[in-house]
Amino acid sequence: QVQLVESGGGLVQPGGSLRLSCAAAGTIFSIYTMGWYRQALGKERELVATITRGGSIAYADSVKGRFTISRDNAKNTVTLQMNSLKPEDTAVYYCKGNVQLVDGRTRGYWGQGTQVTVSS
């Protein structure tokens, strides 16, 4: 019914930048909160940043001032600009959307994840 597809991960040196994108497609009526989460090897998945349909934003303390989340409601996309990357940012990054379907139901959907590796 709904798919979220991430892109933009890769290998970058410490201090570098990456831009992640996520596009949602399917039987979508509207998307409420969209966000990015990450899971490092051996650790639990954690919130990175979220943005509501109205544009309210929240960041994890560990990424404040370095990462910027944005979205395009018309295109059902969300983007994460990551600057000043650190080795501890290495993780699989997942996109999530709280989606209202055309049949009226609302549920959360996850993307498949994209690997971000910060290493020299």
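Analyst: The scale calls a residue buried under 20% relative accessible area, exposed over 50% and partly exposed in between, using a 1.4 Å probe and protein chains only. Keep in mind that this is a predicted model: local features need pLDDT of at least 70 and side-chain atom pairs count only at pLDDT 80 or more, while totals for chains, interfaces and linings use all residues. Residues are numbered from 1 along each chain as its sequence is written, and side-chain values use heavy atoms, with hydrogens and water left out.

User: Got it. Now rings: how many aromatic pairs are there?

Analyst: A pair of rings is described by how far apart the centres are and by the angle of the planes. Rings of Phe, Tyr and Trp (its six-membered ring) pair if their centres lie within 6.5 Å; planes under 30 degrees apart are stacked, over 60 edge-to-face, and the rest tilted. This structure has two such pairs. In one of them, Y37 and W110 have ring centres 5.0 Å apart and planes at 65 degrees, so they meet edge-to-face. Y37 sits in strand β4 (residues 28-39) and W110 in strand β10 (residues 106-110), so to speak distant parts of the chain, 73 residues apart. A strand here is a DSSP run of E with at least two residues, numbered from the N terminus.

User: Which charged residue sits over the ring of Y94?

Analyst: The rule is that NZ of Lys or CZ of Arg must be within 6 Å of the ring centre and within 35 degrees of the ring normal. For Y94 it's R45, whose charged end is 3.7 Å from the ring centre. R107 does likewise over the face of Y109, at 4.1 Å from the ring centre.

User: What about sheets? In what order do the four strands of the open sheet come?

Analyst: Strands of a sheet pair through backbone hydrogen bonds, either parallel or antiparallel. Two strands count as paired if DSSP finds at least two bridges between them. Here the order is β1-β3-β8-β7, with antiparallel pairing. β1 (2-7) and β7 (67-72) each have a single partner strand, so they are the edges and one side of each lacks a neighbour in the sheet. Six bridges join β1 and β3, and V2 has G26 in β3 as its bridge partner. β7 and strand β8 (residues 77-82) are also joined by six bridges, with I69 opposite L80. Four residues lie between β7 and β8 in their hairpin, where N76 takes a positive phi near 55 degrees.

User: Which residues of β7 are on its covered face?

Analyst: In a regular strand, side chains alternate between the two faces of the sheet. For β7, the covered face has F67, I69 and R71, and the uncovered one has T68, S70 and D72.

User: Last one: which residues does T50 touch?

Analyst: Contact means heavy atoms within 4.5 Å. T50, found in strand β5 (residues 46-51), touches T33, M34, G35, Y37, S56, I57, A58 and I69, leaving out residues up to four places away in sequence. At 14% relative accessibility, T50 counts as buried.
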